[in-house]
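Subject: Handover of a structure and findings

Dear colleague,

Please find the structure below, together with its sequence.

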Amino acid sequence: MPLYQVVILAIVQGITEFLPISSTAHLALFPWLLQWPDPGLTFDIALHVGTLVAVAIYFLRTWLRLLRLAFGTGSRPADPHDPDHDLYDNPRLLWFLVAATIPGGLAGLAFEKQAESTLRSPYVIAVMMIGVGLFLWWAERTGRQEKDLGHVSLGDSLVVGVSQALAIIPGTSRSGITIATALFRGVGRAAAARFSFLLATPILAGAAAKAALNLVRDGLAPEMRVAFLAGIVISGLTGYLVIAFFLRYLQTNTLRIFIWYRIICGIIILVLAIFFRDPVRVL
């Protein structure tokens with residue numbers, strides 16, 4: 001696999017995994033448009049590991065605080081501007097996240113094969129890109145956006161967790177569907193993104209662990225070692241920077257640019273699938 005393809009796909013993964021625009025759609029779209037061969041399962045593992053490392057490192061302090069609070073050993077930080085200050089109003093949030101992870105995990109186990117085969121139709125991806133974009137638009141218009149993480153309830157968490165199960169469908173975007181659902185439940189934009197990223201961590205960890213087991217079983221080909229390492233490093237670094245940017249962006253901005261991007265991208269995929277490629281073999 002040429003190094004320039006490794007770099008481009010790793011950057012695409014790092015950006016699109018955490019922005020609400022669907023990493024699955026983009027990783028399918030780029031090789032198709034550029035006529036590149038399928039990078040294969042090994043490289044896919046590297047990209048998942050990289051983005052897992054990014055979100056785990058970025059939220060490491062948050063996870064440690066959630067653990068301490070869940071077991072009654074956390075103390076509120078003195079600085080009211082601490083980004084995790086709201087966690088201390090919700091000491092059961094860790095258990096809410098655990099409960100919310102279950103629907104997505106079950107969906108992944110039940111529909112993994114379909115997600116990698118029949119659901120990878122360009123029509124499915126295009127419809128989900130547009131549909132979730134409209135869902136985000138509706139959530140922005142109607143959501144009260146009053147809650148921070150200190151006021152997220154078990155009900156909120158379960159509803160967002162069920163919505164995360166839909167991310168098994170290519171083109172949905174895990175962050176897109178969970179942020180939109182959190183907005184509908186009255187959570188503010190930045191808090192919705194934080195909750196989405198925390199909820200994604202165990203799912204990404206499970207996907208990476210499962211893929212790693214397959215890699216241990218099959219072995220890593222010598223010619224893939226550089227691509228594998230580069231994929232982890234580049235997707236991880238890109239993902240970390242994107243998380244930091246996106247959370248800062250949502251402090252003062254809406255999701256409008258991502259909504260329009262999704263809708264336009266979905267329309268382009270439909271046009272290309274209908275007029276320029278065999279619709280059965282597009283992606």
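In this message, a contact, or touch, means heavy atoms within 4.5 Å. The model is predicted, so local features need pLDDT of at least 70 and side-chain atom pairs count only at pLDDT 80 or more, whereas totals for chains, interfaces and linings use all residues. Residues are numbered from 1 along each chain as its sequence is written, and side-chain values use heavy atoms, with hydrogens and water left out.

Confidence

The pLDDT is the predictor's confidence in each residue, on a scale from 0 to 100. Its mean over the protein is 88, and 95% of the residues reach 70 or more. Over residues 278-283 the value is below 50; this stretch has 13 contacts in the model beyond near neighbours in sequence.

Nonpolar cores

A residue is called buried under 20% relative accessible area, exposed over 50%, and partly exposed in between (1.4 Å probe, protein chains only). A nonpolar core is a set of buried Ala, Val, Leu, Ile, Met, Phe, Trp, Tyr and Cys residues joined through side-chain atoms within 4.5 Å. Helices (H or I, at least four residues) are DSSP runs, numbered from the N terminus.

The largest nonpolar core has 49 residues, of which Leu93, Phe197, Phe246 and Leu255 touch the most other members. At least two residues of this core come from each of α3 (40-58), α4 (60-70), α5 (93-115), α6 (122-142), α8, α9, α10 (225-249) and α11 (256-275). Helix α9 provides the largest share, 11 residues. Leaving aside residues up to four places away in sequence, Phe246 touches Phe18, Leu19, Pro20, Ile179, Ala193, Phe197, Leu255 and Phe258. Another core, of 11 residues, lies apart from the largest one and has Leu27, Trp36, Ala227 and Ala230 among its members.

His26 has its place in helix α2 and is buried, with a relative accessible area of 4%. Not counting residues up to four places away in sequence, His26 touches Val12, Thr16, Ile21, Pro31, Met129 and Tyr261.

Salt bridges

A salt bridge is a side-chain nitrogen of Lys or Arg within 4 Å of a carboxyl oxygen of Asp or Glu. The whole structure contains 9 of them.

Arg174 pairs with Glu17 in a salt bridge, with the closest N and O atoms 3.2 Å apart. This pair links distant parts of the chain, as Arg174 is in helix α8 (residues 174-184) and Glu17 in the loop between α1 (3-16) and α2 (23-34), 157 residues apart. Glu17 is buried, at 9% relative accessible area, while Arg174 is partly exposed, at 22%.

Asp156 forms a salt bridge with Lys147, the closest N and O atoms being 2.7 Å apart, and another with Arg185, for which this distance is 2.7 Å. Asp156 lies in helix α7 (residues 154-165) and Arg185 in the loop between α8 and α9 (189-218), so their pair ties together parts that are 29 residues apart in sequence. Asp156 is buried, with a relative accessible area of 1%. Lys147 is partly exposed at 22%, and Arg185 is partly exposed at 31%.

Finally, a network of salt bridges links Arg65, Asp82, Asp84, Asp86 and Arg194.

Yours sincerely
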